[in-house]
Amino acid sequence: MAALVTLSLLVAACGGTSDDPSGKPAGGGTFSFALSADPGALDPATAVLSITNTVLSLAYDPLVSTAPDGKIVPGLAEKWDVRPDRVTFTLRKDVTCSDGSRLTPADVAENVNHIADPETKSPVYGVLVPVGMKAEADDAAGTVTLSTPEPFSFILENAAQLFVVCGKGLKDRASIAHATSGSGPYTLTEAVPSDHYTFTVRKDYAWGPNGASVRNQGQPEKIVLRVVPNEQTAANMLISGDLNGAVVYGADRRRLEATPGVNKLVLAMGNGQFFYNQDDDRPAKDPAIRRALTQAINLPELAGIASSGTGRPVRGLVMDPKPCQGDGVTGHVPAFDPAAASAALDAAGWKAGADGVRVKDGRRLTIRLLYATTRGAGVLAANEYLAQSWKKAGVEVTLNGVIDTKLSESLNAAQDWDAVWLPIGVTLPTQLVGFLSGPSAPKGANFAHLSNERYEKLVAEAVTKPGEEGCKLWTESESALYDAADLVPVVENTVLVAQKGATFDFPAASFSPTTIRMTSAR
């Protein structure tokens, strides 16, 4: 922002299909995993990139966790009491931070209030911490209460997304830019940016989801996250045994799927989609231009290109296990119609010039198309296809492929883009609100400067309604975005989480650390 991310932003459990030939758990040792890019700053209060949350998931815990079936299970909190506008958590008494200090309710409250503090300028405020949320601790009772000014749907579920900083890092946030200070099962012991990050197990850890511990046969003593931007290189390293795990989006996926001895876990991993920048000086500020640019694209064809044929039809913005099952997409995205697109651009005053590029009041119709280079060949080809399609419509397009950290900078600080290919991975519709409305970047998380009154009205009502009543409104709110061509959903991505010599769960691009097992097969 998760997500922002090639923005699969957040941490949550979701299921997948697996083919596991890897054998029984073996001794501990070292587990090695490929990161497609450097994670950047490691403070959870600033972490929106999925690659950052992958790293953080080894060292930090949330209050509760989401099981694969969508149920909330204990984490740092052993029980909770939920009301429409508040949830009170009772913490476990045996939790310690990586520096040996005991985790207290005051520590948890400080995390929430730090993110909510305007001075922090946290990009996850309004996403992981709802706007207006306050935290109050009662250390004597062992409880912390999170409250919102009005009823807030999913107030409990939202707590499964927030990593809790404790110990020394809580007092000095600058100290965790390249270090960790959490209650999680591993501690960062070596950080070499753009090369590798090494974690060491905390042998006393026993407060994972539902009381999970690291006292398991095959639990690795060390974890090395190696920065390997090239997917082909990562695939070669995994086949040779130099890596135990890698996430593969592109052509090397088929090669790994055919390799004996590789455990093949297939997961949904956010949507392939693009946004238009609606800042005042951008062409896409005009809804007629957004609609015309969308009509110029053959979206089913683009979906096949972006996912290399491995995607699924997209039904909404929220990942599994989603709380609302409605389809807000079908019938709401402008259909492929190049003639209508051309007529709309003419009607808006953008006339073709001598070189074919449309011009209005002496200004050329120019689109700077931003995307991450770490998502495989399919995403590169998809953005080239977008550029070619828009050029046919008379648009001058500049492709700008960048690494994940540069993408986040361009979205939230430089604002040097007109359209962006940006998967956002969230598991609750409330987590989208800060990205899709409210203060615009750099003051807020609304990187595309969206201002959709219908979306905001429906969200304001949905957030106060539980169950099916609220879900209907959440689905309608998404449809309002597609009707206005604020964003264009293309495909639900799936990825291959390839494993060799180890098995592990990898929900929503984050580790479930206590599930990592080294195996006898290499």
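1. N493 is buried, because its relative accessible area is 9%, where buried means under 20% relative accessible area, exposed over 50%, and partly exposed in between, with a 1.4 Å probe and protein chains only. Leaving aside neighbours within four places in sequence, N493 is in contact with L267, A268, M269, G270, N271, G272 and S307, contact being heavy atoms within 4.5 Å.

2. Please keep the origin of the values in mind. This is a predicted model, in which local features need pLDDT of at least 70 and side-chain atom pairs count only at pLDDT 80 or more, whereas totals for chains, interfaces and linings use all residues. Residues are numbered from 1 along each chain as its sequence is written, and side-chain values use heavy atoms, with hydrogens and water left out.

3. Turning to the chain as a whole, there are 13 helices and 22 strands, and the C-alpha trace spans about 70 × 55 × 40 Å along its principal axes.

4. Buried residues make up 60% of the 522 residues in the chain. The accessible surface of the chain comes to about 19500 Å², and 51% of this belongs to carbon and sulfur atoms; the areas come from the Shrake-Rupley method with a 1.4 Å probe, and for residues only the protein chains shown count as cover.

5. In soluble globular proteins, nonpolar side chains tend to be buried together. Here the largest nonpolar core has 113 residues, and those with the most contacts inside it are F89, F199, L225, L436 and F447; such a core is a set of buried Ala, Val, Leu, Ile, Met, Phe, Trp, Tyr and Cys residues joined through side-chain atoms within 4.5 Å. The largest share of this core, six residues, comes from helix α13, residues 467-483. A second, separate core has 34 residues, among them I297, W350, I367 and Y385.

6. The loop between α11 (433-436) and α12 (453-462) deserves a careful look, and P442 has its place there. The peptide bond from A441 to P442 is cis, with omega near 10°. H449 lies in the loop between α11 and α12 as well, and its phi is near 60°, a positive value in a residue other than glycine. At 12% relative accessibility, H449 counts as buried.

7. Another residue with a positive phi, of about 70°, is S194, although S194 is not a glycine. S194 has its place in the loop between β9 and β10 (196-201), and it counts as exposed because its relative accessibility is 54%.

8. Where does S175 lie? S175 is in the loop between α3 (168-171) and β9 (186-192), and with a relative accessible area of 33% it is partly exposed. Not counting residues up to four places away in sequence, S175 touches K168 and G169. From C-alpha to C-alpha, S175 and R315 are 41 Å apart in space, and they are 140 residues apart in sequence.

Conventions: Helix = DSSP H or I, 4+ residues; strand = E, 2+ residues; numbered from the N terminus.
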